[in-house]
Amino acid sequence: MDDIVDLVRRSLAEETYGEFTDRVDAQADQLRQAIAAGEFDNEAFSIGLEVELYAINSVPEPPEPDEDDAEPDEADDDLADGEGGDAWDGSLEPQAEANGGGASLEPENETPPPDTAADDGADPEDGDDGFGPGEGPSLDVDPDSPLAPDESDAADEPDTEPAVEAEADAGSDDPYMDPDDWEGRLTRLPDVVFEGEANKELGLHNAEINTEPNTFDGTGMEVQTTAVEMHTKQARQQAQKHNCELISDAMWTIPPAEGGEAYLSAHEERDGVVLADNMRQAPRYVALDNEALAHAGGEIDFSVPGYEGSFPTILFESLATSIQPHLQIPDTDRFPTYYNAAIRTLGPLLALSTNAPFLPADFYPDDIDGAWLCANTDHELRISAFEQSVNTSANPKVKVPRDLDTAEDVVDRVVADDLFGPFLREWLDESEREAFQDRIWEFDHKRGTYWRWLRCVIGGTPVAGASDERSLRIEYRPLPTQPHVADMIGLQALTVGLIRGLAVVDHPVTELPWADAERSFYAAAADGLDADLSWVTVHGERTTDHEVIFDEVFRYARQGLDAQEIPQARIDEYLDPIEARYGAGETPSSWKIDRVRSGLADGLALDEAIAEMQRAYFERCRDYDTFVEWV
């Protein structure tokens, strides 16, 4: 721990800021020249996905009988059932073969950092062999490129199944919990969960599943589906052996035993460095935490409908989890067209996906009117949680980005952004900077703290048939984690298909003023499918008519997927469950609000109604394949 404190103090020293800034400026000049020269052009589109989860305590299976006491047929049944059971196995049917190792979405940091950062504990973003920033749900901060990779480098393992098998007897001495005592409370994940496909995250209760990058075509989408399904299943099997469930949800509401605020606030201070008890003790996370706290004056305020509070750490950002689709654009001259169109999609796509209307139940004051809260809470509280946790400097870092004029603008945006938690490469790796990603190491570190709801990622792992290590891609960041794998893959297909489809037809949606796109985004966060949205139709007409807006959203998503030669039957499979939400007028957030409202009408207190809703959510995640089947 002292090594981490020393490294963080070194990071935040005044002289580090100057040296780091000089290096970023020099690297940025090289990047601008390379982009302008066409060195970031590639052959084809490619895609990737990040999925963030949280853990709750689970009802353990009854203890196995002693071997001498077991009936022969019972033993046979146990063998037939296999390891881990079939819980959470209902999303999409997996394909014949899973996509290999659970890589994060960024280029590989070939030289492991020294022990000072070895307990990083976050998901790999720039430090694994995948496609995009595998950043923490939370801080989304280049988990590996700048600082240490995950200790359990499972992506290098040829076969991850033994990781599950090796833990078959783990926890056998744990006391059996009566199902009546199960509450579904938030819990910390044991390290063994990260020996397979899951990556560590900001909070000790968080995990992330990442896909490797694939070409954006029919085969690529099949592999994405299989990878999310199989990697998630494997991580859940690991967690279940330790009385944990990994939950596909956007915000936890049943707090741990010590209480939600106490869990998120617990910390100690060493030599002036704040160390949050329930945060992964990665140097970059600790440095960012202390930077944000310094800008805020030592406490960070958090205010949403029904709650006013403050925290001594940024960890309250880990209340929420998300999915983050990535789309690599092969023609850099066209990158601004895709990026600016994507900004206009933020409102409609968030409106379809909202899933975080309640904080942990013990956050709310005892005298709050539950009916008022149901009527006034935001449908997507992740937006406020992320923005308020790190927007402590003079220039807010988390916001809707401005339009781009040229591809080189993506470099300028990172350079101009407020600097948080700088590091110098030689602190962690003294080898020669031979690889491309090593030559822009400091720039990439700063890019990882350039938090926008839509941002560009520069560079990445080569994708066969699509790109080399020099590429530009869009990271789509506001979408909350969904109840089922089918819902998450559906939103990935909708997002990348829509952005592609708008460009295919040269849709005039970018004629919508940027201010209207920004307003639509925050309206969607507040009101979900009832939001006041704005759009420009294919005929160039301004509209706020939901029927027109969502007709075009799904139509051009289908056109974009068709342009990538994805079979029509698969397009329907991906998009129909999401389109049916619009037809039903329901999203996960509206379902949650209705359940709490119903509980209140039945005489439950607000905390009881929220807990009842949350447990019903857990059960439906197990019992169905898509959210629309719930309604």
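Mentor: Let us begin with Asp594 and Arg597, whose side chains meet in a salt bridge (3.2 Å, N to O). A salt bridge is a side-chain nitrogen of Lys or Arg within 4 Å of a carboxyl oxygen of Asp or Glu. This is a predicted model, in which local features need pLDDT of at least 70 and side-chain atom pairs count only at pLDDT 80 or more, while totals for chains, interfaces and linings use all residues. Residues are numbered from 1 along each chain as its sequence is written, and side-chain values use heavy atoms, with hydrogens and water left out.

Trainee: Where do Asp594 and Arg597 lie?

Mentor: Both belong to helix H18 (residues 588-601), 3 residues apart, about one turn of the helix. Helices (H or I, at least four residues) are DSSP runs, numbered from the N terminus.

Trainee: How many salt bridges does the rule give?

Mentor: Side chains of opposite charge can pair when their charged atoms come close. Here the count comes to 35 salt bridges. One of them joins Arg570 and Glu222 (2.5 Å, N to O). This pair links distant parts of the chain, for Arg570 is in helix H17 (residues 568-584) and Glu222 in helix H5 (residues 218-240), 348 residues apart.

Trainee: Is Glu222 buried or exposed?

Mentor: Buried means under 20% relative accessible area, exposed over 50%, and partly exposed in between (1.4 Å probe, protein chains only). Glu222 counts as buried because its relative accessibility is 19%.

Trainee: Which residues are linked in a network of salt bridges?

Mentor: Such a network links Glu19, Arg23, Glu426, Arg433 and Glu442.

Trainee: Which residues gather in a patch of negative charge on the surface?

Mentor: Patches are made of residues with over 30% relative accessible area and no salt bridge, and like charges are joined within 9 Å. Areas come from the Shrake-Rupley method with a 1.4 Å probe. Asp and Glu count as negative, and the place of a charge is taken as CG of Asp or CD of Glu. In this model, Glu261, Asp362, Asp366, Asp367, Asp607 and Glu608 form the negative patch.

Trainee: Where is Asp367 found?

Mentor: Asp367 is in the loop between helix H8 (335-353) and helix H9 (370-376). With a relative accessible area of 69%, Asp367 is exposed.

Methods:
Patches are made of residues with over 30% relative accessible area and no salt bridge: like charges are joined within 9 Å, nonpolar side chains (Val, Leu, Ile, Met, Phe, Trp, Tyr) within 5 Å. Helices (H or I, at least four residues) and strands (E, at least two) are DSSP runs, numbered from the N terminus.
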